[in-house]
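Here is a short report on one residue and one chain interface. Please look over the sequence and the model first.

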Amino acid sequence: MAFETMNLVKGQLSSEVLALKNKGYRFVTMTCVDLGDSFDLLYHFDLDLKLTHLRLNVAKADRVVPSISGIYFAALVIENETQDHFGITFDGLALDFGGHFYLEEEVKKFPFCKFTVNKAESAGEGA
Amino acid sequence: MATIVPFGPQHPVLPEPLHLKLVLEDEIVKEALPTLGYVHRGLETLASIRDMDQMVQIVERVCGICSCIHAHTYCMCIEGLMGIEVPQRADFLRVIWSELHRMHSHLLWLGLLADAFGMESMFMHAWRIRERVMDVMEATAGNRVIISVNKIGGVRRDMSPEQLRWVLQVVDELETELDKIKAVLTNDYSVKKRTVGVGVLTYQQAYELGAAGPQLRGSGVAQDMRMTGYGAYKYIDFAPVVEKDGDSWARTMVRFRELYQSIDIVRQLIAKIPDGEIAAKVKGKPTGEIVCRSEQPRGELMYYVRATGDKYLDRVRIRTPTFANVPPLLAMLPGCEMADVPIIALSIDPCISCTER
Amino acid sequence: MDFKTISFVILAIILAPLAGGLLAGIDRRLTAWFQGRFGPPILQPFYDVIKLLGKEPQVVNYWQIFCVHIYLIASILCVALFAMQADLLMIFFVMTIGAVFMVVGALAVPSPYSQLGAQRELIQMLTYEPLLIIVFVGIYFVTDSFKIADILAYDRPIFLALPLLYLVLTFALTIKLRKSPFDISASHHAHQELVRGVLTEYSGPYLAILEIAHWYDIVLILAICSLFWSTSWIGLVILLAVTYMAEIIIDNVTPRMTWKWMLTYVWAVGISLSFFNMALLYAKSF
């Protein structure tokens, strides 16, 4: 099955999502994949049983992404979960649990991805 | 003065732990804040330490009530990535088991809903009918609830012609039993008083909030993943069950009519099932990305699998229907009465273990 | 009071909980039969109470203990008054005191389930008490007395004069027995939005005391029902059996309704039926 996605940069995200909403697309979900030194955020939308996907690549050093919960309210659940698991911060989240949607406050590591400390760079956390 | 009622996580009316912080004024719900995470097991991370065959077992245990369909969708993803052609008989068998799963799930849900509005006798009767489906699963697959029949490439077991005939008999008995409780659900004054007009979700809201399954179809949106014709669904006649009103009664009727629809599908499949192999040979490792969707009893299930040819898969993402139905729940609760909260919470058919994986 | 009355009272106080518990056990068995399952043994309520009495007491505050005991004393007193064939209105007031104290015990706890359940219990009381008074007034119109001694001395079964008022009494019976559609403040199985409602914060020995007091209540209400056919034993037993069976059937075929519905429906139907019956009575006396 061919998997076609539209690659985006952060600035284009909100406008693309709004365009899809105006065309009548339904929000299915968002997937986050840990690619080692960056994340891939895939947004999946559905219209009349056909899916379309948007791909956003986010570097681990800069983990702030604009939230689409203002456009699709339903996105807040998955964005909260991604905050918990991957440490990405969503800017403008409608209902923000602050990284404790699923996880207790005592959990310090982001469980779904690995962060490595690079002595050369100052960003990153201990794995 | 506002009262704060903690609804859940341990609540006798909820089948699974969900915490809703309800702010009430005079028994009218003003706000509802959810807290999830009570059964979060992080099953998606196990993809990085379990190979793809073992993952079938793991995804089956995401949820007990819809386990067969999780495994089916996962296998579809891997088969799509590797270009494996599943034999027709395996497809048919998979769907027969999936439809039986759907029936037992809807009957379980029916019992829980009856319990939520206080009609214990209907609860007991629905579950008694469900026992017949459990008997079939136990006889054909070996286990009542988590039936490990799917594997990559096909199914593990076959059903003999005698078993298929027996399944047809059981399905006939089920239909007679369902006819007996149909009158209560459709015509009873007090049942309707408790469910009609309770938890209304309009077409627009259901579509925009990303609702799935009977939630969506109860509000008039004719969308059912089985219409895409995956698996053996392309060989049978299928039309989605839709209701217009968008309240709890509409959703109840959607699920109840889907029970009849499942019985019809099982009959069609058993009539048309071809002979042949039940599994294809699997060689090599998958590469690429794929998205597969299927229709669980609770709605649209989406799997995203990414693999790079290693022993372990890169990423398995599971989007379960109850996950998508949580925002509609939050939209339906404010403004309802306290007595309606269990009915609304149950009318989305909450499977929190699916939601949180 | 003479020896006969005293012995009657003592017998009533001892036998009433036994009868109530046995009836509760038979109730559960019959309900299970209607639902297509086996059900517990008939003596199960006694096993439950004995088990509960042996548990460690856990209370939030001492008001709960006080209120539970007042409720039990009130229920016992009601049965004793009935055995002494005292005034019906007196029995009604003592019963109300007991019920109010149960509500106060629930209100003494800050748990939201308990608070909401207590409010609903008050609404339930608001629903059935006017109707109970109307039934007693109806009996007065027929027998010219509130005293049970005089009612029992009436030569015809009161049911024949007041059939519709008996129906009204069964509404009160349904609410008191906590059966669907009126099990709104504390349902028999805790599968409702308020966990166990007014009884949520009671556990262990205090729940046992509440259960025993509930048995006394059942016996009292059935005794009031029995006044409607006091002329022959067979008629009395048949009336009570049919009534209780009807309660169980209705419990099984209706869901639990909301308190707003209960208040509107029971008052509307109850008051209309009472009016109609009273009008018939007056018409007959012309």
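## A threonine in chain B

T73(B) sits in helix α2 (residues 67-82) of chain B. Helices here are DSSP runs of H or I, at least four residues, numbered from the N terminus. The model is predicted: local features need pLDDT of at least 70, side-chain atom pairs need pLDDT 80 or more, and totals for chains, interfaces and linings use all residues. Residues are numbered from 1 along each chain as its sequence is written, chains are lettered from A in the order in which they are written, and side-chain values use heavy atoms, without hydrogens and water.

T73(B) counts as buried because its relative accessibility is 0%; buried means under 20% relative accessible area (1.4 Å probe, protein chains only). Its side chain makes a polar contact with the side chain of S294(B), at 2.8 Å. A polar contact pairs N or O atoms within 3.5 Å, one able to donate a hydrogen and the other to accept it; residues adjacent in sequence count only if both atoms are side-chain atoms. Beyond neighbours within four places in sequence, T73(B) is in contact (heavy atoms within 4.5 Å) with C292(B), R293(B), S294(B), L301(B) and Y303(B).

## Where chain C meets chain B

In chain C, 27 residues are in contact with 31 residues of chain B. The two chains bury about 2,500 Å² between them, 57% of it on carbon and sulfur atoms. Buried area is the accessible area (1.4 Å probe) lost on being put together, summed over both parts.

The rule finds one salt bridge across this interface. K260(C) pairs with E337(B), the closest N and O atoms being 3.0 Å apart. The cut-off is a Lys or Arg side-chain nitrogen within 4 Å of an Asp or Glu carboxyl oxygen.

How values were computed: Helix = DSSP H or I, 4+ residues; strand = E, 2+ residues; numbered from the N terminus. Buried < 20%, exposed > 50% of the residue type's maximum accessible area, 1.4 Å probe, protein only.
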